[in-house]
2 protein chains.
Amino acid sequence: MPAEEPPVRPPTLSQVAARAGVSLKTASRALNGEPYVSGATEQRVRAAADELGYRLNGLARELRTGATSALVGLISGDLANPFYSAVASGVERELRRRGLLLVTVNNDENGELESSLVEALVERRVRALLVIPSGGGIVANSHNIPCVFIDRPPVGLVADSVLIDNAGGAHSAAEHLLARGHRRIALVADLVRTASQQARINGFSAAMRSAGNVDWEPYLRTDVHDAATAGDVVSELLALPEPPTALFTTNNRLTIGALRALRGRRFQPALVGFDDFELADVLGLTVISHDTTELGSMAARMAIERIGGYTGPPRTVVIPTTLIPRGSGER
Amino acid sequence: MPAEEPPVRPPTLSQVAARAGVSLKTASRALNGEPYVSGATEQRVRAAADELGYRLNGLARELRTGATSALVGLISGDLANPFYSAVASGVERELRRRGLLLVTVNNDENGELESSLVEALVERRVRALLVIPSGGGIVANSHNIPCVFIDRPPVGLVADSVLIDNAGGAHSAAEHLLARGHRRIALVADLVRTASQQARINGFSAAMRSAGNVDWEPYLRTDVHDAATAGDVVSELLALPEPPTALFTTNNRLTIGALRALRGRRFQPALVGFDDFELADVLGLTVISHDTTELGSMAARMAIERIGGYTGPPRTVVIPTTLIPRGSGER
DNA sequence: TTGAAAGCGCTAACAC
DNA sequence: GTGTTAGCGCTTTCAA
């Protein structure tokens, strides 16, 4: 049984100073590479710091220099979803270049939890907040800290946002299928309460309207939220007396569900999916692609500008989409 | 034109106290729900806090109460890689339950960068460090803070680690292919300098040795680090005068590269891949699967125990693997 | 029940 | 070049 360990505290700057035989401030100057320290003194201080295994206490520094941290918070859905992790990857890379650190938290697609996470991050004095809203709750940014919304604009307030060209992408998917002669086209969409899904549905139906096609309307399915349900929905659609000849799925999860349902079937309807993903090429899947990582990088850059003092009006950046034909949308 | 904005500092506890007409300490007690505060006083303090939009400054609290933060750092490769993001997802979920926050940083698979990131996190006084080592560098944990290694054990020191049963998984893949009569089996592996790859290669060759098979040896390819190269390597293998009849790829990236190379070919060798991934089922791919998210959760739990004061000897947990036959490994 | 004083580890401002 | 003093916003003594 080891004796009660005294809770070993890391060495402090004054301990380093004492050991080097200089004052606190001199030690500070030496380690921070400030001018007006003689070479010899600097050497001694550095040596003392090494011997003690001294590490700067960032908390204390940050408290002193302005009571804000070097942290930027990202609130999103589960990182296991490749969309969120791609965004996180872009964000992290951009932050790291500026010496900022990324704190990631999962909102579990739950608006209340999301609000409490905002509180927690604000208490930690994050320098900025990046949010992919759960869609349910509204993140009120009454905290006076820079906030950039990703993929979904905030409800009821104007703020910096980075969005995908949802309407445009869905529009081009619709046109692509129409141009190949499809009329009975099914639309399988996620929760309509999110603005991004809403825009995709709108873009799609606008294209149908322009083409004077109403045959698709019986095949609209919304609020399909996971891959398994998407698979069921697609199976049901194909079991109809007059099944659709083409499908458009409005995000990667739903597309994957559709692919599972289509697997091994004799009749393969045309399929276009919103969001590109790994292996879509191997599967010969036609997709509406966009640079998800760039979505994150852009948001991070906007946040960094705000941190840097930019005070212009809120901006909205729209990331374009591209249709990548790989076979499934051309049959 | 608004006048020069004074840099608005968030309200402090003493401002709240002043407004409520109580002392600093009383305000602190009231907001922290400590005993010995009269109900009326508490109400007044809470009201004052609300009116001012007061948020606790976690930096100051943490500095005062022990100079450590509520942060846990995770150092890994790019989150765009589903393996890392699955681990991160498991870690985050576990931390959040304990009120801890996850800071994720990307080591860019670069040992030197990794060391500097450790420094940065230690300076922020993270409570624990979770590391998926880049393989190149050695993370020396001379910092006296809890550290758990994930997927790859640290070189040259004993420490808490959570590993996948790499050797066992590779062994079962080899047996699976041998049992189906394959002899010329190609092994496409990633950087051998990482312990996990080393273990997979060892497990595979041990099984071959047991079976008395040496025919596979000309088909060993290592240090294949990305999907594109993996594709090239597979194409080369299949172009040999005596091509292998089966392939084993030692991680998801390489498997995906192999799939791309195999696409549209007449002759389809058997294929087993280490790591399961989304859509592997749709592709009919036989894999060595393991619970990647659990890898992260387990590591987080071990770190939390250390934070909680556990001082036992370092432990190593091995996460088991399962072979999931889906067709590609059975042809 | 409440308050005053001290101090966490550091840096800013000003002396020497 | 170097040291002294003060104070970031909070919690922890200890006294009232």
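This is a predicted model: local features need pLDDT of at least 70, side-chain atom pairs count only at pLDDT 80 or more; totals for chains, interfaces and linings use all residues.
Local features here need pLDDT of at least 70 and side-chain atom pairs count only at pLDDT 80 or more, while totals for chains, interfaces and linings use all residues. Residues are numbered from 1 along each chain as its sequence is written, chains are lettered from A in the order in which they are written, and side-chain values use heavy atoms, with hydrogens and water left out.

**View 1. Chain B laid on chain A.** A turn of 180 degrees plus a shift of 0.1 Å along the axis puts chain B on chain A with an RMSD of 0.2 Å (least squares on the C-alpha atoms of residues with pLDDT of at least 70 in both). That's how a two-fold axis relates its copies. In chain B, the residue closest to the rotation axis is B:Val103, with its C-alpha at 2.2 Å. Both copies use the same surface: 100% of the contact residues of chain B turn up again in chain A.

**View 2. Where chain B meets chain A.** Here 55 residues of chain B are in contact with 55 residues of chain A (contact means heavy atoms within 4.5 Å). About 5200 Å² is buried between the two chains, and carbon and sulfur atoms give 56% of that; buried area is the accessible area (1.4 Å probe) that two parts lose on being put together, summed over both. B:Arg55, B:Leu59 and B:Arg124 supply 13% of what chain B buries against chain A, more than any other three residues.

**View 3. Charges across the interface.** There are 14 salt bridges between chain B and chain A, each a side-chain nitrogen of Lys or Arg within 4 Å of a carboxyl oxygen of Asp or Glu. One that joins the chains pairs A:Arg55 with B:Glu119 (2.6 Å, N to O). A salt-bridge network links A:Asp78, A:Asp108, B:Glu92, B:Arg93 and B:Arg96.

**View 4. A bridge between two helices of chain A.** The side chains of A:Arg19 and A:Glu51 meet in a salt bridge at 2.7 Å, N to O. A:Arg19 sits in helix 1 (residues 13-20) and A:Glu51 in helix 3 (residues 39-52), so the pair ties together parts of chain A that are 32 residues apart in sequence. Helices are DSSP runs (H or I, at least four residues) and strands are too (E, at least two), numbered from the N terminus. Both A:Arg19 and A:Glu51 are exposed, where exposed is over 50% relative accessible area, buried under 20% and partly exposed in between (1.4 Å probe, protein chains only).

View 5. B:Arg97 and B:Glu94 form a salt bridge, with the closest N and O atoms 3.5 Å apart. The two residues are 3 apart in helix 5, about one turn of the helix. B:Arg97 is exposed, at 60% relative accessible area, whereas B:Glu94 is buried, at 7%.

View 6. B:Asn81 is buried, at 13% relative accessible area. A polar atom of the B:Asn81 side chain lies 2.8 Å from the backbone nitrogen of B:Phe83. Leaving aside neighbours within four places in sequence, B:Asn81 is in contact with B:Asn252 and B:Arg253.

Methods: A polar contact is a pair of N or O atoms within 3.5 Å; within protein, one must be able to donate a hydrogen and the other to accept it, and residues adjacent in sequence count only if both atoms are side-chain atoms.
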